[in-house]
Amino acid sequence: MNPSLADLTRRLGGIAYGGDYNPEQWPRETWAEDARLMRRAGVNLVTLGVFSWSRIQPRPGVRTWDLLDEVMDLLHRHGIAVDLATPTAAPPPWFTRMHPDARPVTASGTRLAQGSRQVFCPSSPAYARAADALVAELASRYADHPALALWHVHNEWGNHNALCYCDTSAGAFRAWLRDRYKTLDAVNEAWGTDFWSQRYGEWEEIDPPRDTTAFRNPGQELDYRRFSSDALLERHRAETALLRRAAPHIPVTTNLMGTLEKKVDGYAFAAECDAVSIDHYLPAADPGGHIDLALNADLARGMAAGRPWLLMEHSTSAVNWQPVNVAKRPGETRRNSLTHLARGADGLMFFQWRQSRAGAEKWHSAMLPHAGTDSRVFKEVTALGAELRSLREVAGTHVAGDVAVLFDWHSWWALELQARPSGEFRYLDAVRDWYEALWRLNVTCDVVAPGADLTSYRAVVAPGLYLLSGQDAGNLTRYVERGGHLAVGCFGGVVDAYDRVHPGAHPGALRETLGLVVDEYLPLRPDDEVRLEDGTGVRQWAERVESRGCRTVLGFADGPEGGPARGGPAVTRHDFGQGVGWYTAARLSADALLPVVRALCDEAGVTPAASTPPGVEAVRRVGGKGSYLFLINHTEDTVSVAVDGVGLADAEILEGEARVPPGGVVVVRESTPPGGCGTRRSSAPRGVLA
Ligand code: GLA
């Protein structure tokens, strides 16, 4: 059996805490101070070596390990464990000079230059050889080092270089297609190449979907995304195999990017890891950034198949890559960190330990900022480190969502290809609106793939699931037939895995389950708004739907010109098998989805994790050792919440009431967990539609 995250937290004696450590940016004298201050801050794990390639291998054929040797020993002497990275995310300048063809090429044919990071083509044999040789030596050198606790493969696979359009990639794409389709006829069929006379007669005629005169073939584009994700996955597998061979007792992870990037299929990479990690950065311009955080945490847990996971990077304050990089407010880092903990993280790490003096990220915050130890940030970091020690019993406990939110990279790719009915309809916006409605009800969700085992969920929601393979459609249909409650967002179930419209009327994959057909999709102009019967305004998207057995729960009041008739279905409900299929024939905001989601949850017997005032998030972690209720106050007032238990980490609980200050978080060790979210029951009571 492979080692796991539990092995790491057992070794650390609780929650992992620390960040990326880049000692190569600092003179040697600083390292001892770093180790001492890490201890003071409560750091027990650092990620080392992510960008060390040019130090380890300053010239071809020369390897110098002294820096890593010394820092590994130093950290070990200070009781700090190491998450040792394969330094393959930043090939050094000599490598690109020696192998200019290994640099990635854009869709318009520009070969990118050295001078940043991830300057390599994912399919380059020269890169693979150089990376594997380095990883093999790193693995054997440190396999038995006492500081080594976790392997960190690469860094954010595909963040900057996932899509390369060079000739090497073209050859690898053809090989991938041959492997997948076996015959050219099958490719032609999948891509619909009879359209615009694109039929291929030889494999060599197929290129990557480079910039061309007009719209590119959508099947080709979609498969290019799959191929590109797989090319990096192959690299991930190769590095992982080398690490496992040298040190089978050490768990392997890689820092995935959640919803931050759509370039690689997160589920595929997560399946190759012993421990699942994500990076999360708050979008500063988003007033609901904390909801984005919760969504990503729930996705990380979904990728980890419900097990605890690691937050590999977040920021102590501002980042440096958004249009305006807003500093975090006092208390915000603690609130963010404890929200990740509430949603199943067993480790809370930052980018990075010491703020850089030079280079592209010197304006990115760190645990130890330019202002030094007397700063607000360092004091908060140190207080958080101490607090996490007092919360260590939470590590290893689980969060179990009652509701599944389906999330799919393939649907994200397909929905946002060229020549769609509306460029305004963005995948993540749809996911976020549904998720936000559930978040506001304090319903804990697992964010999982459409092919996941759904049997334990009381309800399932499917936003933006434009692409739905026949197999996944079967999964959803069986779920409803057997008594599940499924809600499908507009423009869902439309195309198959190749972006071909499912035959017959829309939504071909789910017509029968939902008991309706879509007569026509009606995207709205940017300024248009139509109304529903309850006064709700709808922007962006409406549909003219006809019932084939479903009942209209909410109708349109006025449609777009020629659009749905007054009273025409906007929200529908259909009894199917032993379950229910809901559909929204309009792009509804989180506000508008709230009553829909409430009705879905009432009927499915979903209850909130706790009853709290609006703006107060409640999540529960449960395990052999106990049940822990996290209350996170996003409002500007102190709130009281009825609880049954004792407070951890200085929580104020008097006569069964927890007082949560503005922006604060309280953790309660519960005496008896109530039967809310996180404590899934075996049979769902049948409720009455609200
Ligand atoms: C990513 C990278 C880090 C750093 C941070 C900055 O997550 O993995 O190396 O660049 O972004 O936010």
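How far does a polar side-chain atom of His364 lie from an oxygen atom of the ligand? The separation is 2.7 Å, within the limit for a polar contact (a pair of N or O atoms within 3.5 Å; within protein, one must be able to donate a hydrogen and the other to accept it, and residues adjacent in sequence count only if both atoms are side-chain atoms). Taken alone, the ligand exposes 310 Å², of which the protein buries 97% (accessible areas by the Shrake-Rupley method with a 1.4 Å probe; for residues, only the protein chains shown count as cover).

The model is predicted, so local features need pLDDT of at least 70 and side-chain atom pairs count only at pLDDT 80 or more, while totals for chains, interfaces and linings use all residues. Residues are numbered from 1 along each chain as its sequence is written, and side-chain values use heavy atoms, with hydrogens and water left out.

Turning to the cysteines, the structure holds 0 disulfides (pairs of cysteine sulfur atoms within 2.5 Å). For Cys166, the nearest cysteine sulfur is that of Cys164, 3.6 Å away. Cys166 is buried, at 3% relative accessible area (buried means under 20%, exposed over 50%, partly exposed in between; 1.4 Å probe, protein chains only). Cys273 is buried too, at 11%.
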